[in-house]
Structures are given as C-alpha cells and as structure tokens.
Amino acid sequence: MGKIDFSTHTPMMQQYLGIKAQHPDMLLFYRMGDFYELFYDDAEKAARLLNITLTTRGASAGSPIKMAGVPYHSAEQYLARLLKLGESVVIAEQVGDPATSKGPVERQVSRIVTPGTLTDSGLLDETRDTLILAVAPGAETLGVAWLNLAAGRFQVTEVNVAALPALLARVRPAEILAPDDFALNGAHCAVRRLAPWQFDSTGAQTRLAQQFGSRDLAGFGVADLPLAIAAAGALLDYIQTTQRTALPHIQSICAERDSDFVQLDAATRRNLELTEALRGEAAPTLLSVLDTTATGMGTRLLRHWLHHPLRDREILSQRRDAIGVLAERPDSAAALTRLLKSCADVERISGRIALKNARPRDLSGLRDTLALLPDLAAALPDDRARLSALQAALAARPDLHALLARAIQPEPASVLREGGVIADGYDADLDELRALTRDAGAFLLELETRERARSGIGNLKVEYNKVHGFYIEVSRAQADKTPVPDDYRRRQTLKNAERYITPELKAFEDKALSAQDRALAREKALFEALLDSLTPHVPDLLSIAAALAEIDVLASQAERAGTLRLNPPEYSEEPGIVIRGGRHPVVEAQVAHFIPNDVSLTRSRQMLLITGPNMGGKSTYMRQVALVTLMACCGLWVPANSARIGDVDQIFTRIGASDDLAGGRSTFMVEMTETAHILHNASASSLVLLDEIGRGTSTFDGLALAWAVARHLVTATRAFTLFATHYFELTQLAQEFRQLANVHLDAKEHGADLVFLHAVEEGPASQSYGIQVARLAGVPSPVIHAARRHLRELEDAQLQPGPQGDLFAAHLPNDEPPPHPALDQLRELDPDTLTPKAALDMLYALKALTDTSL
C-alpha cells in the first residue's frame, strides 16, 4: 500500500492500519462483530485465495475501502486453507466494551497463526507432526533448530551445507526461518525471512537459559554447537512473538548427532516410499501398510520411527522384544488397542494447556483418558523391560483426574462462550447465578398465571426474545376488547399484538439477564484458573502421552506381525545383511501371490550384480532388501523368514528415472548427480541400491560409467551394494573380484507368452527379453517384427545378444596398459642360462620389438 498518512483516515481505519503496519507481510483478520474483516490489499489477496466476495464499503482518506470477510464462528476452515497455502495470519480481537467506547472499540493482536506454529485441533493433521525449523548459516556449516510447538520438543544439530536437503527431507518442517541473506533452495514449505542479527549466538544462549530456568546450556549437551544455539535462539524469539504467552512446556533442548541414526537422503526416502508414494499420495506406502494404530499420537510416532531408523542396538532390541511379548499375547494387544481408541490426543492437549488455548472438550477428553490409565497399565504384560517401563509411566493420577471430574461437565459445550462447561457444584457463586437463570421458567409461568387472573385476559402470554427481552403479549383482538392494567407499559406494537412490560417483570429481567452474563464471565474466569492449575502438570502429561503413543505403536505392530507374517530381526556385530525369504511389504499387499527371495551381503560377498528382464522384479527385490533393513533399524518386525542385520550407517538408492526441468537438469544429469552423492558419501557400513546406472546416455558411455562405478564401490567404498543392470558385460567383473557375485531374475517363454518367475537365482541372466516386454506393453506388431529383424542383423554383426561379446577389450579403458611384447620376452628369459652371444642376439631382438611397436 506504500507509505500511509494515517491522519487522513477515519479513526477505525487508523486503528486497523496501525496494527497492519506492525505485520506488513501477514494477513490481518480484524474482528468486527460476528466477522473477521480484511481490508485493502489483504482483502484482494484473501478474496483470491479463499474465493470469497471482494466488496467496497464507505470511504476513508477519500477513497472507497476494499474489504472481504469471513464469519467468526467458521474462521478455522478459512485459516486452515490459508495456512496450507503458506500464508500467516494475524488475529486482532475486540478487547474494549462497545457500550462504553467513545471511539472505535479497542482491538489488540491476540495471536499470530503461522504454518509451523499450529496448535488448534481444527487446523492440525492428527497423523503428522507440525514442525518449525530455523537455519543459522556459518562459514562451512549450518546450525539448525526445529520445534514441535504442540509437544514442546526442541532439537538442534549442525550439518554441512550439502546435508541440509537430506535433513529437511527427514524433518519435513511446515515453516522455515532463515536470514535475509541466506540462499535457501528446494524448500517445499513456507519460508519466513528474518534479519541476520536475530541469529546472534550470545544473545541466544541467554534467552534459551532463561526459558529453561538454567544458569547456562552446559547441562543440555549443546555447548559445542554455537550455530545451532543461534538458530534455536531465533526460533524461540519467533515463537514467543507469535504466541504472545509463556511457553512452560518448552523446558529443554536436545542435540541430534548423525551417528545416532541410519542416514537416508531425500532421494532414498522418496524411492522407498516410506510415508508418501512417488505420485505424492498417502498410499500405498510402508506407513499405510504398517499403520493400524488407534490414536493420532501412535500414527505420528510410527511415522517418526520410519524416518529416524536408529543405530543404538539396545533401543532396537527393546522395541523388537516388546512387540514379541505382545505378539505372543494377542488378547493383551487387542485389549490395549480397544482402550487406546477411547483416549484423547494427550500430547496436543498438553501443549494447548501450556499455551492457554485449550478448549472445554480438550479437558473432558483428558479427564476420560486419565480414567483409563489403570486399565491400560493392567492390560500391559510385565516383561521386566520396555513394557514394564511404559507400565510405570501410566501410573494413575487420581488427584488430576479428580480435579477435572469435579470441574468439567460430563459433556461440556464445544466452546467456552456458549457456557455449560464448568460442572455444577464446583463453584458456589456460579451455581447461584445459574439458579437464577434456570428458575426463570418457573417464575414466568407463575407470573403468566397471576397476570391472566389479574387482567382477565385468558390468552395473555409472558415470553422472551434476545432483541426485546421479557414481555407480556396480548393479541390485538383481546387488547381492543379488554383494557390492560394501569401498570402495563407498552414495549412494542405489532400488526396482530401488543407487547407490554410491568415493573415486576422489568425487575426480574434485569436480575435474570445480568445473572446470565455474570455466569458466563464467572465460567470463563474459572476455566482460565483451571488451565493455570493444570500447567505445572504439563511435563507429566507429556510423559503419559509419550507412553500412550509407544504402547499404541507396539500393540499395532504385534497385530501386524500376525497378519503380515512378520518375524523378529537379529542384530549382529558382524558386518553384513543376510535375509531369508524376504518380501516387499507394500507390493505383497497389492498382489495375490508374492515370491520371497533371499539376499546375502557379507564382507566376502559385498556386491550383488543383478541382471534379468524388465518387469522381472529387480527393482522390487532391491527395495525390499532396503525396507527389511530399515524396518529392523526401527526396531520393528520384518517381512522375512529371518533377517540378520549388521551395523548400517546409511542407506542410498539410485532407482527410477526423472528429470528436473525447473532446475535445468536432464534425466541423465539427475542420475549422475545422485550417483556422485553416493560415491562421495557411502562407507563400508552403507547399503547402496543402484538401478541401471548409465542408461541415459550412449551405450558405450553408459557401459563405461556403470563399470567404473561398480568397480569403485567394490574396491574403494566397499559398501554393501545391490547393482541392477542390463549391461551383461558387467557380469565379467565377478571374475576379477571375488567379493562380487552375479544373480539374476529369470523369465520363460511359454508359446507367445512371457512368464516372469520373480525368483532370484545365482549367476547372470541369459537374455533381457526386451522385445518380448515391448510386445506385452502393446507396441505395434510391425515395430516388433522390425526390431526382431534388426536384432538378427546385430547378431550377424557379432554383437551377440547374450551372453554378449566382450566390449571391454575394444572400448573400455583399462587401469593398466596392455603388456608389451618385449616385456613378455623378458619374463620368459632365464639370464643364468644365456651365453654372451645369445644375450647379444636377444638384445637386438628386443630392440627390434620396441621399434616395431612404436
């Protein structure tokens, strides 16, 4: 809108523009009666984004006022749409009394809602965490902090610049805070720019220590992360500004180390379809197959586990064994699930209590959940390990439950302003005010009976409406026939009736209406006081929430273990991955019959070179190995007859073909970029999946690259690798390297049909069946026949179809030059048997050989 001269505007618009000037980059919802109004540029933007009416009303500063509005009672649905679009909204409420205000009713900002700071149940997706993240750049590294405001979890780390995309793919923030001068590419969420000075490490330490009630940050394990502290300080400052209240549930900060997790880059998370299919849909994915949890808390925790596979074998063993105990007792698991279905989202309710924006039904849900804790604890088997610890976390809280049972109605209203929230008997003053309102009906009936007798008007009525209050109504016909008593005062004249008020009725009206308003005010004060009394219990409530979520995941995985025929993984100190009868859990759920396969990756067999036809199952086989490994590293049971998993530090995948048109990268460039990332970062403890490297360029270029990549992984990286290829020449690498083995997935021709066997066998494939697959895909018959003719021509030209000829000798560079004939002669010499004459003749012969070769 440019610079505005406030003095030329009306008083109300001056107030609006003053608030808007403090939040120029956010939409302002300005409360006016039963609507939130937006003006000027905000109105135009909101009308476009929300598809609401843009209108013009009145004038200010000599110009019409553009405006658009949304109803107050249904504002949440509009907020949700704006936040999904990455917008942030400032909400200004009326705080003054319209009856006593001489000018515009005073308004103040009550809250600021941004994509990463949501806590309202109506705005949150119950199945995923909503996180806000901040980035503080340094010379070579980045400090990163992220916060789950609803749960109060605050985490930090420091990474190099190249690792930021992988971190963002893992954390999946809804909003990112970054300095104005920091180039942030590839962020798939709202980005809020802050001044660089807000990322000051020294000031951040002070603010964080003050928030945590500590002298410094030494006890939190983050003292050696100055950039992360700077990011955390900027994030905390932003949260305090937007929430405009204390944050008592944020009591600590935790440092994440890369060594804690099995690292997955963004491409791997995408290719393995952990929680999102390649098309962007929620199913079919690993999460959709595994998630039979009963609560939103459980779904969120399972999602977190899948994106954060661990290397700590103690934690993984505890999870695996707890699932085993519940799997052996399906009745206990079913009882737990049944009880959990009645539990409220304690984690998010706790956050709303801390932020003072909990609603009445949050507290009734919390009350009912607390009542279930003894039954949940009793249903948990005692395994003297993880389940026992969870059982202890569910210890009954009778004092807290008793407080909520006394304070909250069994079925409270959804919002506080409607009343009917605080239970009868909790507060004597409120009970007295409610009695006045409740007894009004009896009084009015008694008054109506008396007035009919006194006036002689048999059809006289005593009624009430919100506009005119209480009144005595007499029909027009009766009023013309029978005069009303002298103390009746006309209140309203209608076409068919007259309405009156009497001194007695007026006195009752003042008392009754005042009681109703005072009861609502009293109820609001009691509810706020109740939230204050619950706030010290928030850490305890969050511990209960964490236990409920974990029990939900463990019980659901015990059910999945039986339904999906899962088995417990074995964790080995020996490096390697050995899986017997492994299956792809997502594909298996989509087909009638799935063929299990084995894999053995050890130090003596560290690469499997996989050949076979298209559609033969090579990609599925590789993905299932990665998924079984990942599930084991989450502590879950796995889709295999058995699985022995050594230490895995990273999982890499280079599967599928896609371009990056926006980034100006071809399919082949994307493939080479991802391959380069793997070669630079994989280690001997990594699992690497490579599918058809080199297919995006010419045959010889692609073959040379695939050969060099495979050789590097075997000799330099020594990672455990599954390498799928259609270059049959690569199978000869097994002759050079004992730690490389050939396996294949075969197909058989049955008449005109091609049958895929989907079983992994030792050795290389005999052919690729490319033309047969093309026919299955519906390629026209003339094209198929022409392809067959040309294939025969190629075969006649000595490019045999498979096993193919050795293209390495003619076209691939070798690490060592071919042996010189003179060297061969020298190797065969025995100097001790040569006479001087023979030695001289040999010297001339060698000289002649060198001259010939030159």
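This is a predicted model: local features need pLDDT of at least 70, side-chain atom pairs count only at pLDDT 80 or more; totals for chains, interfaces and linings use all residues.

Reader: How many aromatic pairs does a search of the whole structure find?

Author: The search finds ten aromatic pairs. Take tyrosine 30 and phenylalanine 39: their ring centres are 6.0 Å apart, with 70 degrees between the planes. Planes over 60 degrees apart count as edge-to-face, so this pair is edge-to-face. Tyrosine 30 is buried, with a relative accessible area of 0%, and phenylalanine 39 is buried too, at 2%.

Reader: What about the rings of phenylalanine 212 and phenylalanine 220?

Author: Their centres lie 5.1 Å apart and their planes meet at 50 degrees, so that pair is tilted. Both of these phenylalanines are buried. Elsewhere, ring pairs join Phe443, Tyr464, Phe470 and Phe508 into a cluster.

Reader: Which charged end sits over the ring of tyrosine 72?

Author: That of arginine 31, 3.5 Å from the ring centre. Likewise, the charged end of arginine 319 sits over the ring of tryptophan 305, 3.7 Å from its centre.

Reader: Now for helices. Which residues of helix 2 are buried?

Author: First the general idea: an α-helix has 3.6 residues a turn, so residues three or four places apart point the same way. In helix 2 (residues 40–50), the buried residues are Tyr40, Asp42, Ala43, Ala46, Ala47 and Leu50. They cover an arc of only 140 degrees around the axis, so they lie on the same side of helix 2.

Reader: What do the buried residues of helix 2 pack against?

Author: Their partners include helix 1 (11–22), strand 1 (27–32) and helix 3 (75–84). After helix 2 comes asparagine 51, with a positive phi near 60 degrees.

Definitions and conventions: Residues are numbered from 1 along each chain as its sequence is written. Side-chain values use heavy atoms; hydrogens and water are left out. Rings of Phe, Tyr and Trp (its six-membered ring) pair if their centres lie within 6.5 Å; planes under 30 degrees apart count as stacked, over 60 as edge-to-face and the rest as tilted. Buried means under 20% relative accessible area, exposed over 50%, partly exposed in between (1.4 Å probe, protein chains only). A charge sits over a ring if NZ of Lys or CZ of Arg is within 6 Å of the ring centre and within 35 degrees of the ring normal. Helices (H or I, at least four residues) and strands (E, at least two) are DSSP runs, numbered from the N terminus. The arc is that of the directions from the helix axis to the C-beta atoms. Contact means heavy atoms within 4.5 Å.
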